[in-house]
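Here are some friendly notes to read beside the model. Please keep the 3D view open as you go through the points.

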Amino acid sequence: MTDSTSSYQERYAASLMNTFGPPRLVLTRGAGSHVWDADGREYVDLLGGIAVNALGHGHPALVDAVTEQLRTLGHVSNFFTTAPQVELAEKLLDVLGVGAGAGKVFFTNSGTEANEAAFKLTRRTGRTQVVAAEGSFHGRTMGALALTAKEAYRAPFEPLPGEVTFVPYGDADALAAAVTDDTAAVLLEPIQGEAGVVVPPEGYLGAARAIADEHGALLWLDEVQTGMGRTGDWFAHAASGVTPDVVTVAKGLGGGFPIGACIGVGDAGGLLQPGNHGTTFGGNPVACAAALAVVRTIEDDDLLEHVTVLGQKLRDGLAADPRVAEVRGEGLLIGLDLTADASAEVVAAAQAAGFIVNNPTPRRIRLAPPLVLTEDDVTSFLAAWPGILDGAIG
Ligand code: PLP
């Protein structure tokens, strides 16, 4: 580590709140799926800002869209609308498969805010209870935190709002036992990202839909991490054939420009009425132009197919090493279990070898690279993988 990196790390420690722990790197620029640090070292970015940089770094479509929109009209109040805002709402309903008129969108700046909007929307059913899953992560604001299971995140901030019950993820019987006629919504991630890419058994979302219907509850799917092409489909729930009432998205939607959305399908789209909710920046034209550029590039460059093919190649290659116990995920949201509690060592060894990966738990590694990851990036990572494990596990 040279002076440039360590000097920024010291200045960071002196001037930023210590909510994330010390930064591992000081990054200065990126191009495609690669980033460079303050000492000029290059890395293949296999984390993509945690499932955010869908088009990688510095993609011309995103840069041009943001630049042009900022030059034309950078912000308006919510007394007005703009073409990018309306077009993006229509596009989201289109890729969700419901179409304009069959759903409504509320724009936010982040995933946690999308979930706050959805949480408030559920209250408009006249019911107050939500059933969510153990292992869930829905954000850090007070409402989203109330819906998040992890005790270490919740405990310092209790009491939290809401009447939230947590059931084991993937267990349809436990869900059926917990949902009643007082349940406003069932809230699930189609794949749990922060838990380490946990995929539920086949049929789970369909069962959740049936259970919610039986009790007149909303089915709310948090696709903040899994949505917008990450799994090789526009939404991770698409393959299940289920139509949810509420979907929340963020992360990859803006490709790095902050934007989220709460989408209400059918009647759920009409639950929030004037005065019920608001935001100054949500739906900002620059953010909407960024998201439109992301969606159009995914379509034009056939990235859903690309993500499916590369994801499979990565999973197969990673699973080939005996120090990997299990590989999970869809598309380019990949989680793996090591045979030892050595995920921190793997992250460090990968970084030393020029690859950025993440460890959501002591035994789990997560990859969520840009959707524009190349074959060459996959080949170089898989070639380095056994050596990374040698350095970390032996
Ligand atoms: N929901 C899910 C499923 C997430 O993975 C995350 C972030 O990791 C959030 C919500 C919160 O999003 P944000 O960090 O943009 O507030």
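1. A polar contact is a pair of N or O atoms within 3.5 Å; within protein, one must be able to donate a hydrogen and the other to accept it, and residues adjacent in sequence count only if both atoms are side-chain atoms. With that in mind, find Asp 222: an N or O atom of its side chain is 2.7 Å from a nitrogen atom of the ligand.

2. Before going on, note that this is a predicted model, where local features need pLDDT of at least 70, side-chain atom pairs count only at pLDDT 80 or more, and totals for chains, interfaces and linings use all residues. Residues are numbered from 1 along each chain as its sequence is written, and side-chain values use heavy atoms, with hydrogens and water left out.

3. Which residues come nearest to the ligand? They are Gly 111, Thr 112, Asp 222, Gln 225 and Lys 251, out of 13 residues around the ligand (each with a heavy atom within 4 Å of it). Helix 5 (residues 111–123) gives the most to this shell, three residues; a helix here is a DSSP run of H or I with at least four residues, numbered from the N terminus.

4. What classes make up the shell around the ligand? Seven of its residues are polar, four charged and two nonpolar. Asp, Glu, Lys and Arg count as charged, Ala, Val, Leu, Ile, Met, Phe, Trp, Tyr, Cys and Pro as nonpolar, and the others, Gly among them, as polar.

How values were computed. Helices (H or I, at least four residues) and strands (E, at least two) are DSSP runs, numbered from the N terminus.
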